[in-house]
Amino acid sequence: MDGKIIKGIAGFYYVHTPEEDKIYECKAKGIFRNQNIKPLVGDDVEIDTNDQPESCGTIVKIKPRKNELIRPAVANVDQAMIVFAAAEPNPNLNLLDRFLIMMRKQKLNTIVCFNKMDIAAENEISLLKETYKLCGYEVVITSMLQLDGIQDIVQMLKGKTTVLAGPSGVGKSTFINILQPDANMETGVVSVKIKRGKHTTRHSELIYVDKDTYVMDTPGFSSLYIDEIDKEELKDYFVEFHEYDQECRFIGCSHKNEPGCAVKDALKENKISKIRYENYITLYNELMSQKKY
Ligand code: ZN
């Protein structure tokens, strides 16, 4: 029987079979261990359920992977979607940029979703939207609470496996509940007093939404460390610089202190977002001070 691994916990793999819309608890055949193959969430597999207790099986075959992400560890992903709140909490755009860099490094397209449009100021929303559209991202503005913009996202997710990420308290769990009420997720109740969401998702888990449509919910994060990138390489991840950097006086200009920098000129003329440029400098300095191991 064909299925997809949706969760892995302590040597057990939970395999969803779309045909029956059922979940089997499976062990992997010993042969994978001998071949040093570790089944991953997202793997398309064949399972054998003969001579097994009800709802149990053995993974007998792992189909070739389309791709494999390191963080989060998942196979066969088509795209990522990151959710931030447009307000309460205010979006940490440095964190967002870190995430976008990591996904681009793993060659994954990312949709940027700003939630809580019902409580955010209109000019804030347009600024966020313009900033990230200019960087070549698809941007959606939603209110999960008032079910605004949900249909747009559903269309974007259709027929794909999407990694869903975001900090806690931005409405990500509410969104999963809308997509798949059976997922039975405990929605992060945001404390009015501290206005901080609590963690709800503990493991990365694929949620079956519809035929060929899966969403991978990942644990909320509050920091992301960029590594395995050279500081010289960082500017490649800021695509909005590319239009100008050919005009920089120095080849390999870091757009920091060099004279005749076309990127800094574009910044002065507001053609490049100040927020993005500042995040670039912060990350550049961080990479510069990193020890090489
Ligand atoms: Zn430059």
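This is a predicted model: local features need pLDDT of at least 70, side-chain atom pairs count only at pLDDT 80 or more; totals for chains, interfaces and linings use all residues.

Contacts came up before anything else. I find that 63% of the contacts in the chain with a separation of 6 or more are between residues 24 or more positions apart; contact here means heavy atoms within 4.5 Å. Residues are numbered from 1 along each chain as its sequence is written, and side-chain values use heavy atoms, with hydrogens and water left out.

**Overall**

I looked up the secondary structure and got eight helices and 13 strands. Both are DSSP runs numbered from the N terminus (helices H or I, at least four residues; strands E, at least two). The C-alpha trace spans about 75 × 45 × 35 Å along its principal axes. Of the 293 residues in the chain, 48% are buried; buried is under 20% relative accessible area, exposed over 50%, partly exposed in between, with a 1.4 Å probe and protein chains only.

**Rings**

I went for the aromatics next and found eight aromatic pairs. Rings of Phe, Tyr and Trp (its six-membered ring) pair if their centres lie within 6.5 Å; planes under 30 degrees apart are stacked, over 60 edge-to-face, the rest tilted. Tyrosine 208 and tyrosine 214 have ring centres 5.4 Å apart and planes at 55°, so I log the pair as tilted. Both tyrosine 208 and tyrosine 214 are buried.

Tyrosine 277 and tyrosine 280 are another tilted pair, at 6.3 Å centre to centre with 35° between the planes. They sit three residues apart in helix α8 (residues 274-289), so about one helical turn separates them. Tyrosine 277 is buried at 9% relative accessible area, and tyrosine 280 is buried at 0%.

Which lysines lie over a ring? I have lysine 7 over the face of tyrosine 14, 5.2 Å from the ring centre, and the charged end of lysine 27 over phenylalanine 12, 4.6 Å from its centre. The cut-off: NZ of Lys or CZ of Arg within 6 Å of the ring centre and within 35 degrees of the ring normal.

**α2 against α8**

Helix α2 (residues 93-105) packs on α8 at about 70°, axes 10 Å apart. The axes are lines fitted to C-alpha atoms, for helices over the stretch in contact, with angles from 0 to 180 degrees between N-to-C directions. That makes α2 roughly perpendicular to α8 (65 to 115 degrees; under 35 is roughly parallel, over 145 roughly antiparallel, the rest oblique). On the α2 side I listed Leu93, Asn94, Asp97, Arg98, Leu100 and Ile101; on the α8 side, Ile275, Arg276, Asn279, Thr282, Leu283 and Glu286.

**Two single residues**

Where is threonine 131? I found threonine 131 in helix α3 (residues 122-134), buried at 7% relative accessible area. Leaving out residues up to four places away in sequence, threonine 131 touches Ser273 and Arg276.

Histidine 242 is in the loop between α6 (231-234) and α7 (262-268), and is partly exposed at 33% relative accessibility. With residues up to four places away left out, I get Lys235 and Asp236 as what histidine 242 touches. From histidine 242 to serine 273, 31 residues apart along the chain, I have 14 Å between C-alpha atoms.
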